[in-house]
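I opened this structure to see what could be looked up in it. My entries follow in the order I made them.

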Amino acid sequence: MATPPGGGRKDALRRSLSFRDLVVYGLLFIAPMAPVGIFGTLDAKARGAVALVYGVATVAMAFTALSYAQMVRVAPQAGSVYTYARVGLGEGAGFIAGWMAMLDYLLIPAVAYLFSGIAMHALVPAVPQWVWTALAVVVTTGLNLWGVRAAAAVGFGVLAVEIAVLLVFFASAVFTLSEHGARRGWLSPLTGEGGFSAGAVFTAVSVAVLSYLGFDAIAAFAEESAGGSERVARAVLTCLAVTGVLFVLQTYLAALLAPMSPAELAAHPADQGPAFYDTVDSATGAWLHDLVAASKAVGAAFAALAGQAAAGRLLFAMARDRRLPAPLAKVDPGSGVPRPALLGAAAVTLVAAVWAARRDDGLDRLVSVVDVGALVAFALLHLSVMGWFGVRKRGALRPVRHVVVPLLGLAVVIAVIVKAAPTAQWVGGVWCAVGLAVLGTQAVRRRARAA
């Protein structure tokens, strides 16, 4: 059984992040207004019960958050699910978990950078979309290289602005509802329109859980937490709870004010993407539309900052264990960050984001492949909890916490993978096959050296 890395090693990272810093990184990566882009899609799929969808999705993802909280106490080092699978299931499973998580940690920031480039190009059309995208990568990479505390401090300011914009929307929506009433029934965001459908809600939940991808990035900073593993576990659960409340509130208010019914949105798919903005326009005016759009533009870039930082820690941890090239395991003595790993992650993300920004179908291609890697890694996380506390009998076995919770989480993850887009399943399968080939090659080389 593998042992956790870190400890007193010279290549360990500095413990400097506070509880607030950890929560900031998680909230930045998720983004407080993540439902904006898929509100119309979920409203149509769930037949209006969009707030209920996010409530159920929060509970569903809580099983994964609880598994993270369990394993971060076991292995409070950089690497997140790679480290947890390594100590809970063994070296091979750890490598595959890290390999699959790498796919998302490198591509999710690329999607976020592209969102930022698209939004900025809409505000300043004279500058090409790909230039804005590349600029966002350069600026946020510079902040990450500056130091983890510096990036967290700037990120806190950006997050505060995002929360302030969301609060403005809340206040405007409540005022409009008090003056003009709701366009739908007051309970319809929880019960649906035209009758409740459990199947429709479940279908929408399988999409909504993807809004939460990012809270797990907090675990990647475990080795840099000044308060130890308990603080990281608390930050993971806090981040999920806060985003769950924000997601339910904003979709509840938006559903009450939506100018189109769920049936109309289902009949006109082209109107689903801008549905949230159309709601803001019709209920409060264009000024809030522009404010939300500008906030999303900046927020997307800093979501990518958090994702890039997490990707750097993952590459660093795998390189430290000699699963990736050794230079990626070097820590900069001045800033205390894994500079080569961060630059490597930034380079891959830059290429992917700029490539997508220069294509008409670039966003669709990126979005269609970024989910399966994280979901497979989540599945291995749940198996790691059962492997460490059950099969390996490390510590007192608590059946509910160490068996029931990860089993429920595993069931949710498998259900979402099954419902994923065929392109995502295909790309995930190919990426996993490549990872298995790399793992096999490394095993052969190790046996050859041992002989």
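I call a residue buried under 20% relative accessible area, exposed over 50%, and partly exposed in between (1.4 Å probe, protein chains only). This is a predicted model, where local features need pLDDT of at least 70, side-chain atom pairs count only at pLDDT 80 or more, and totals for chains, interfaces and linings use all residues. Residues are numbered from 1 along each chain as its sequence is written, and side-chain values use heavy atoms, with hydrogens and water left out.

**Entry: positive phi**

I looked up Ala-31. Its phi is positive, about 80 degrees, although Ala-31 is not a glycine. I found Ala-31 in the loop between helix 1 (19–30) and helix 2 (39–45). Helices here are DSSP runs (H or I, at least four residues), numbered from the N terminus. Is Ala-31 buried or exposed? Ala-31 is buried, because its relative accessible area is 10%.

Next I checked Arg-322. This residue, also not a glycine, has a positive phi near 65 degrees. Arg-322 lies in the loop between helix 13 and helix 14 (339–357). With a relative accessible area of 71%, Arg-322 counts as exposed.

**Entry: helix 13**

Helix 13 covers residues 286–320, which is 35 residues. What span should helix 13 have at 1.5 Å a residue? The expected span is 1.5 Å times one less than the number of residues. For helix 13 that gives 51 Å, and its end C-alpha atoms are 51 Å apart, so the two agree. I also checked burial: 27 of the 35 residues of helix 13 are buried, so the helix is largely enclosed by the rest of the structure.

**Entry: surface patch**

I looked for nonpolar surface. Val-400, Val-404 and Leu-408 form such a patch, with about 250 Å² of accessible area together. Patch residues have over 30% relative accessible area and no salt bridge; like charges are joined within 9 Å, nonpolar side chains (Val, Leu, Ile, Met, Phe, Trp, Tyr) within 5 Å. A salt bridge is a side-chain nitrogen of Lys or Arg within 4 Å of a carboxyl oxygen of Asp or Glu. Areas come from the Shrake-Rupley method with a 1.4 Å probe, and for residues only the protein chains shown count as cover. Val-400 sits in helix 17 (residues 399–418). Val-400 is exposed, at 58% relative accessible area.

How values were computed
Helix = DSSP H or I, 4+ residues; strand = E, 2+ residues; numbered from the N terminus.
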